[in-house]
Amino acid sequence: MKATPYVDRPQASGYKIYENALMPPTPGHTVFVVDDDEAVRKAVSRLLRSAGIAAAVFASPREFLAQYNPATPGCLVLDMAMPDINGLQLQTALTEKGCILPIIFLTGHGDVSKSVQAMKHGAFDFFSKPVKEKDLLPAVRAAIERNVVARREQARFSEICARLDTLTPREREVLEHVVSGKLNKQIAGDLGITEATVKMHRAHVMAKMKVQSVAELARLTERCGTRGNS
């Protein structure tokens, strides 16, 4: 029988920072729990599943990396101190791969310097073991929500870049001149083509990029690193 999603209520002070993300995550999200302590893995996964949140547990970072599918949305609950590869090293490896999975660190050592280092490198949150239910569940829900937003932005970015890739080399040249603010007559002179040809390419660019104005075109292309030709 499928568990009913659990909805946290802002009844304690520990909820305040996450009070905007207390609704249950949508189906398909998974919380990945990586900890070499079996008791911790069981306790955290049991808590998550009792709240209607899918959990996948791993005894080591290597095990996680071997099975993790980047297309799976959610967040990562990660132990800081582990043999072979520790939590910070896994965080670095995921960052280098372009992974946008939010990370919530757990530690049994209360290492302040490592927590600061983790947060500087983009960790979502940091808790000492044993982590309390009232702290972990809201943090997990907030982390999942952040991942939803990040994936939406990533998809938008990919879509824009895909549109750019449909442009011909000449259309790309015209685009760069257009977003720099040049008039059709100036672009024609720079490229050695007629003004009518510029207008034709410009119309194609606007259609392929699905924009109505030069300002919108400039905003989209800048996100993909394409700037005007001055």
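Reader: What makes helix 5 and helix 9 count as meeting?

Author: Contact means heavy atoms within 4.5 Å, and by that rule Glu153, Arg156, Phe157, Ile160, Arg163 and Leu164 of helix 5 meet Leu220, Thr221 and Arg223 of helix 9. The contact of helix 5 with helix 9 has 4 nonpolar, 1 polar and 4 charged residues. This is a predicted model, in which local features need pLDDT of at least 70, side-chain atom pairs count only at pLDDT 80 or more, and totals for chains, interfaces and linings use all residues. Residues are numbered from 1 along each chain as its sequence is written, and side-chain values use heavy atoms, with hydrogens and water left out.

Reader: Why are helix 5 and helix 9 called roughly perpendicular?

Author: The axes of helix 5 (residues 133–165) and helix 9 (residues 214–223) come within 9 Å and cross at roughly 105°. Angles of 65 to 115 degrees count as roughly perpendicular (under 35 is roughly parallel, over 145 roughly antiparallel, and the rest oblique), and therefore helix 5 and helix 9 are roughly perpendicular to each other.

Reader: How do you know whether Asp84 is buried or exposed?

Author: Exposed means over 50% relative accessible area, buried means under 20%, and partly exposed lies in between, with a 1.4 Å probe and protein chains only. Asp84 has a relative accessible area of 57%, and is therefore exposed. Asp84 sits in the loop between strand 3 (74–79) and helix 3 (87–96), and its phi is near 70°, a positive value in a residue other than glycine.

Conventions: Axes fitted to C-alpha atoms, helices over the stretch in contact; angles between N-to-C directions. Helix = DSSP H or I, 4+ residues; strand = E, 2+ residues; numbered from the N terminus. Nonpolar A, V, L, I, M, F, W, Y, C, P; charged D, E, K, R; others polar.
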